[in-house]
Amino acid sequence: MANLHSESGGDLLLLVKAKMSSQVKEDCLGWAARDSSGFLSPYKFPRRFADPFDSGYKPQYRAVGDDDVLLTITHCGVCYADVLWSRNKFGDAMYPMVPGHEIAGVVKEVGSNVHRFKVGQHVGVGTYVNSCKECDNCIADREVHCEKGAISTFNSVDVDGTVTKGGYASYYVVHERYCFRIPDGYPLALAAPLLCAGITVYSPMMRHKMNQPGKSLGVIGLGGLGHLAVKFGKAFGLNVIVFSTSMSKKEEALNLLGADKFVVSSDEQQMKALANSLDFIIDTASGDHPFDPYMALLKTAGTLVLVGAPSEVKLSPISLIRGMKSISGSGSGGLKEEQEMLDFCAAHKIYPEIELISIQYINEALERLVKRDVKYRFVIDIEKSLK
């Protein structure tokens, strides 16, 4: 048998995959965008190949490999990333594209080497589904920063050469390492947003030690990320102040989410009154906004963490130099801390605020998301509406 890493071995692999392609069953139903309009409609497709050589060189199409978990998707959160990639805002879209990387569901099948999960268990899949597993970042539980590039849950080339397709679909297949246990009793619809929005704010909060009771936290923006930052902050025992451009969010920030104070960021008097008072700031705003006014609110050695994605970051160097202040960025998190986050939410009864929708409503939901007309996360009821 030829070595797969040799030239002849590579040819053999292509022949095997060609044979397997003839056996492919397009049995996964999803909703996909076909072009940069981002408009989604029903689409049938096959999930990825298993390793064609993990069954004793007997080429066959199998969606589930020896280390894989197949989950029936019950719910999928709607992230702004779904808008950006389905509309090709980064110029790397591969169509047809099935978005969705906040996936919750039930295990239907597991591979022969899988021992962490069993059929019927509630599980989730987040923003990435593979990595090299060998680099310094993967070894240090920072798989999302894999030096060879983490494989995204959708619109990414998987190890078998197929393009990953996301959670706006009937089922998903993932290596068990990238699958998360959803704690017993935690509603699947509410677990979905935690797998992107939740970990995106939890990870930097833990890394920068924003879990110290009595410290003060500012949260810029009150959307899908911001409302969870408030909830985590309160669970950590922090004094939480919400900053928003809209007074309309004041009542919900204080009464629904439990923030201690609400500040309209355009009010210079309110902002000046908080100078040098915050230990940390989580900036979830994706719209362009000034940074110097917020840096002035930090105490000496305070930190602002950017998890939103404005088009640019402009600030005076003096805003950092005076007071030894720092600005950092963060996106998603490692596998270990993502499981810790799910367990923490279950233990402390932290639940996202969601609007449950049908898959048939997804195009309207994406338009509303662009207009920031959601409180605070859309979640698709895949189980009841995808037919």
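Biologist: In what order do the six strands of the open sheet stand?

Modeller: Two strands pair if there are at least two bridges between them. In this predicted model, the order is E12-E11-E10-E13-E14-E15, and the pairing is parallel.

Biologist: Which strands stand at the edges?

Modeller: Strand E12 (261–264) and strand E15 (326–329) do. Each has a single partner strand, so one side of each lacks a neighbour in the sheet. From one strand to the next, the twist averages 20°.

Biologist: How many bridges join strand E10 to strand E11?

Modeller: Five bridges link E10 (residues 216–220) with E11 (residues 239–244). These two strands run parallel. Take valine 219: its bridge partner in E11 is valine 242.

Biologist: Which strands does helix H6 lie across?

Modeller: Helix H6 (residues 224–235) lies across E10, E11 and E13. Its angle to E10 is about 170°. Now look at helix H5 (residues 197–207), which lies across E10, strand E13 (278–283), strand E14 (298–306) and E15. H5 runs at about 155° to E13.

Biologist: Which residues touch the most other members of the largest nonpolar core?

Modeller: A nonpolar core joins buried residues through side-chain atoms within 4.5 Å. The largest one here has 92 residues. Tyr168, Val174, Leu217, Phe232, Ile282 and Ile362 touch the most other members.

Biologist: What is isoleucine 362 in contact with, leaving aside its neighbours within four places in sequence?

Modeller: Its contacts are Trp31, Leu40, Val78, Tyr168, Ile357 and Ile380. There is also a second, separate core of 16 residues. Met271, Leu274, Met295 and Leu297 are among its members.

How values were computed
Residues numbered from 1 in each chain as written. Predicted model: local features only at pLDDT ≥ 70, side-chain atom pairs only at ≥ 80, totals over all residues. Heavy atoms only, no water. Helix = DSSP H or I, 4+ residues; strand = E, 2+ residues; numbered from the N terminus. Axes fitted to C-alpha atoms, helices over the stretch in contact; angles between N-to-C directions. Contact = heavy atoms within 4.5 Å. Buried < 20%, exposed > 50% of the residue type's maximum accessible area, 1.4 Å probe, protein only.
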